[in-house]
Amino acid sequence: MRKLIYLVAGARPNFMKIAPIIRELNKWSDRIYFQLIHTGQHYDHDMSEVFFIELGVPPPDHHLECGGGSHAEQTAKIMLAFEQVCLQQRPDCVLVVGDVNSTLACSIVAKKLQVPVAHVEAGLRSGDIAMPEEINRLVTDSISDWFFCTERAGVENLVREGKPSKEVFHVGNVMVDNLLYQKQKLDIMPPNAFSTSVHKSRLGRYGVVTLHRPSNVDNSQELLNIVMALNAIAQNIPLVFTVHPRTGNKLKNLQTELSKNITILGPQPYMEFLNLWKDAAVVLTDSGGLQEETTALGVPCLTLRHNTERPITVEQGTNTLVGTDPVSIMQATLAVLERPTKRGMKPALWDGKAAERIVSQLSICLE
Ligand code: UD1
């Protein structure tokens, strides 16, 4: 009997992680079939639809339309809607990725219905329980059945937390699978296929900024500090800031202007953004995914956080944690611009084959 897997995606970074898994599952269609559930956590066209199209993710089989609201509202809406989908046609496994509210909501629903949960990107820990994503990671991992890890630290965390090591698999990074796949396509496209190329040729050498963590943008003082640092850096190098809707809303109410040397863009489609950051002199970010992607391509990355759940990007990659103090951000950026010190190496198994390993292991788990 063919096994049915529900794949859950809800927020922008989920779509990039699901895409390579879908490509791989398509090769196993005689043994496993899947249905894609879009929770609707991200609902703006620029945060959702555009990614489905360009990443080659098929239209979802179920769209739960649960975007917006507080964390509790969002999580509760997703749980209610996803439970109905699971009851309609009971899957053999629910596969969740990453650490967003959709990951948490759907893993709880599945587990309560006694459907096994596979967690891709399991075991990452920032140690900062004030981060909503850390809560999502801890809860999801506490009830998952099969754990697919991007790096050794994830495996070690899970084993330390008492998970049976035979259910914990170090498989590599599906975000990197997607990156390498899309980069290959990008490399044979003409630069004028992208609107971000206009900025590249206009600016020459430039840095790229992304920011969306609640701890950085919801608190006006923190955001003001970061904006001060960006304005100072922009005196040395032009910056391109792709603004997440959460951050856009907060910036509107901030009592300060961004420097004219900072180009503001809205959320970018995947390829447009890749075209931009892959050639940046430096990337300043608080994103989890971009810490990994910059490591995979060897682009210097400064992370505006005090911790990371992805330590391998610092230990082996191009990532440096610089915190949120404006002077530290500025000094670290100027140092990288003068002479990038970290050449970085590609972590083990970040080779574009993580989805292959995941699906092949899942087929064994599901027997
Ligand atoms: C979520 C994830 C975060 C991930 C990020 C990537 C959680 C807890 N956080 O954060 O881990 O790195 O996605 O983008 O799940 N909004 C829109 N349009 C949208 C989506 C969001 O306007 O399509 C605005 C809304 O004001 C919304 C706010 O952004 O309330 C926050 O959205 P939400 O999905 O709660 O979390 P993110 O900050 O996007």
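Q: What takes the space that is the largest pocket?
A: This model is predicted: local features need pLDDT of at least 70, side-chain atom pairs count only at pLDDT 80 or more, and totals for chains, interfaces and linings use all residues. Residues are numbered from 1 along each chain as its sequence is written, and side-chain values use heavy atoms, with hydrogens and water left out. On a 1 Å grid over the protein atoms alone, a pocket is an open set of points where a 1.4 Å probe fits, with protein on both sides within 12 Å along at least five of seven lines, and a molecule sits in it if more than half of its atoms lie within 2 Å of its grid points. The space of the largest pocket is taken by the ligand.

Q: Which residues come nearest to the ligand?
A: A residue is near a molecule if one of its heavy atoms lies within 4 Å of it. There are 21 residues around the ligand. Those that come nearest are Gln41, His42, Glu133, His212 and Arg246.

Q: How many charged residues does the shell around the ligand have?
A: Asp, Glu, Lys and Arg count as charged; Ala, Val, Leu, Ile, Met, Phe, Trp, Tyr, Cys and Pro as nonpolar; and the others, Gly among them, as polar. The shell has 7 nonpolar and 9 polar residues. The number of charged residues is 5.

Q: Which helices each supply at least two residues of the shell around the ligand?
A: Helices (H or I, at least four residues) and strands (E, at least two) are DSSP runs, numbered from the N terminus. At least two shell residues each come from H1 (12-25), H3 (71-88), H5 (132-143) and H11 (245-252).

Q: How far does a polar side-chain atom of Arg246 lie from an oxygen atom of the ligand?
A: A backbone N or O atom of Tyr43 lies 2.8 Å from a ligand oxygen. For a polar side-chain atom of His244, the distance to a ligand oxygen is 2.9 Å. For a polar side-chain atom of Arg246, that distance is 2.7 Å.

Q: What share of the area that the ligand exposes alone does the protein bury?
A: Accessible areas come from the Shrake-Rupley method with a 1.4 Å probe, and for residues only the protein chains shown count as cover. Taken alone, the ligand exposes 730 Å². The share buried by the protein is 88%.

Q: Which side chain is joined to Asp141 by a polar contact?
A: Asp141 lies in helix H5. A polar contact is a pair of N or O atoms within 3.5 Å; within protein, one must be able to donate a hydrogen and the other to accept it, and residues adjacent in sequence count only if both atoms are side-chain atoms. At 2.6 Å, the partner of the Asp141 side chain is that of His119.

Q: Is Asp141 buried or exposed?
A: Buried means under 20% relative accessible area, exposed over 50%, and partly exposed in between (1.4 Å probe, protein chains only). The relative accessibility of Asp141 is 0%, so this residue counts as buried.

Q: What is the phi of Glu65, about how many degrees?
A: Glu65 is found in the loop between strand S3 (62-63) and H3. Its relative accessible area is 64%, so Glu65 is exposed. Glu65 is not a glycine, yet its phi is positive, at about 50 degrees.

Q: How far apart are the C-alpha atoms of Gly127 and Thr308?
A: Gly127 is in the loop between strand S5 (117-120) and H5. Gly127 counts as exposed because its relative accessibility is 68%. Along the chain Gly127 and Thr308 are 181 residues apart, while their C-alpha atoms are separated by 8.4 Å.

Definitions and conventions
1 Å grid on protein atoms, 1.4 Å probe; cavity = no way out; pocket = protein on both sides within 12 Å on 5 of 7 lines; lining within 4 Å.
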